[in-house]
Every structure is written in C-alpha cells, then in structure tokens.
Amino acid sequence: MWKRFVPFAHAQSIFEIDVSFYKKLGVKFLLLDLDNTLDSYKTELPSKRVVELKEDLLMEGIEIIITSNNTGKRVTKYAKALGVRFMSKLAKPFSKRLLKKLKAMKIHLDEVILIGDQIVTDISCANGAKIKNVLTEKLVPEDQPTTRFNRLFDNPLRKKLNKKHLLKDWREF
Ligand SMILES: [Mg+2]
C-alpha cells in the first residue's frame, strides 16, 4: 500500500524540469495532469508558459498528452487550445482507463512519464500502472472541492515521504 505513494521523482513544478531528465529516461510522452500541475483549475485556456513548454518539448521530440480526472468539457477546451492529445475523466488513482487509452494510442509504458501534483490520484495511478512519475508541488493555492478533500490525505503523506527522504529530486537522475 505504502509503496504506491512513493513517487519516482519530485519537482517543485513541471516548469523547472530540464528536458535532459526526460532524454536520460528515454521518455517520449509526458502524461500531464492539468489542474494545479499545468494551470489553476480556474484557468480555462493554457497560459503562455504552458504553450512555450509544449513547443520547447516538441522541438526535442517529446509530446505532451493531458491526462486529467476533470470533465470532458474542461479538458477538451484546454487541450484543443494547446493543440495536444488528451484523456479526461480518467478516474485516477485507478489505472484501467489510462492503460486502455495508452494501448489504443500504441504507446509503450516505458516511453512515458506521468507528472502530477497529487499523491493519492496521480502518483498512485502511475505506480499502479508501473509508469514512471514525478510529483510536483501545488502551482497555485486554490483547489477545486474534490481536490481539497484529497489534500487531507495528501498533505500528511507528503510530510511523511519528505521525512523519510523519499522525495528524490529530478536533478538526482
Ligand atoms: Mg492536479
């Protein structure tokens, strides 16, 4: 049970991770959580730094795929504006839907990394699917109600992981 909550790596935010990290790991696809990983849940359209991130990664041959638990409406609008593929209503921490969609896209598990701001949904899902993952800190203070509930579990878990030195910085790879 406990192992499911230990992230492969940790970063302050997606925006600080250097492309060399992904290259070293042979990653070609970034499965990115949307809310509080890329933008606030209140931000309907991708912010400038997200557009830049997408373009910089594409130049290196790395594709962003948004993998969100949020509704089709929210995710479709954001992802289409960004011009990336996406999966919505994923029901993370469960990995069944994610695995099914990756298989349909003919994407191998060893060429992806999942990045998200929540241990109980993002990291747990990725570990369950045996996918490499990065835990980030919250991008903005505000969370939607379901996430506010999840934080009751997330915050103490994060403290425990930190105390046990189980949050390995991405620069250590
Ligand atoms: Mg999130």
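Helices and strands here are DSSP runs, numbered from the N terminus. The model is predicted.

Start with helix α2, residues 48-59. Its 12 residues should span 16 Å at 1.5 Å a residue, and the end C-alpha atoms lie 17 Å apart, which agrees. Four residues of α2 are buried: Val-50, Leu-53, Lys-54 and Leu-57. Seen down the helix axis, the buried residues of α2 fall within an arc of 95°, so they line one face. The general rule is simple: an α-helix has 3.6 residues a turn, so residues three or four places apart point the same way.

What covers that buried face? The elements over the buried residues of α2 include α1 (19-25), β2 (29-32), β3 (63-67) and α3 (72-82). The face turned away from the buried side carries Lys-48 and Met-59, which are exposed. After α2 comes Gly-61, with a positive phi near 80°.

Now turn to the backbone of the loops. Most residues other than glycine have a negative phi, and most peptide bonds are trans. The loop between β4 (85-87) and α4 (96-104) holds Pro-93. The peptide bond from Lys-92 to Pro-93 is cis, with omega near 20°. Ala-91 sits in the loop between β4 and α4 as well. Its phi is positive, near 60°, although Ala-91 is not glycine. Ala-91 counts as partly exposed because its relative accessibility is 36%.

Lys-130 lies in another loop, between α5 (119-128) and β6 (132-136). Phi of Lys-130 is also positive for a non-glycine residue, near 60°. With a relative accessible area of 71%, Lys-130 is exposed; the cut-off for exposed is over 50%.

Note on methods:
Residues are numbered from 1 along each chain as its sequence is written. This is a predicted model: local features need pLDDT of at least 70, side-chain atom pairs count only at pLDDT 80 or more; totals for chains, interfaces and linings use all residues. Side-chain values use heavy atoms; hydrogens and water are left out. Helices (H or I, at least four residues) and strands (E, at least two) are DSSP runs, numbered from the N terminus. Buried means under 20% relative accessible area, exposed over 50%, partly exposed in between (1.4 Å probe, protein chains only). The expected span of a helix is 1.5 Å times one less than its number of residues. The arc is that of the directions from the helix axis to the C-beta atoms. Contact means heavy atoms within 4.5 Å.
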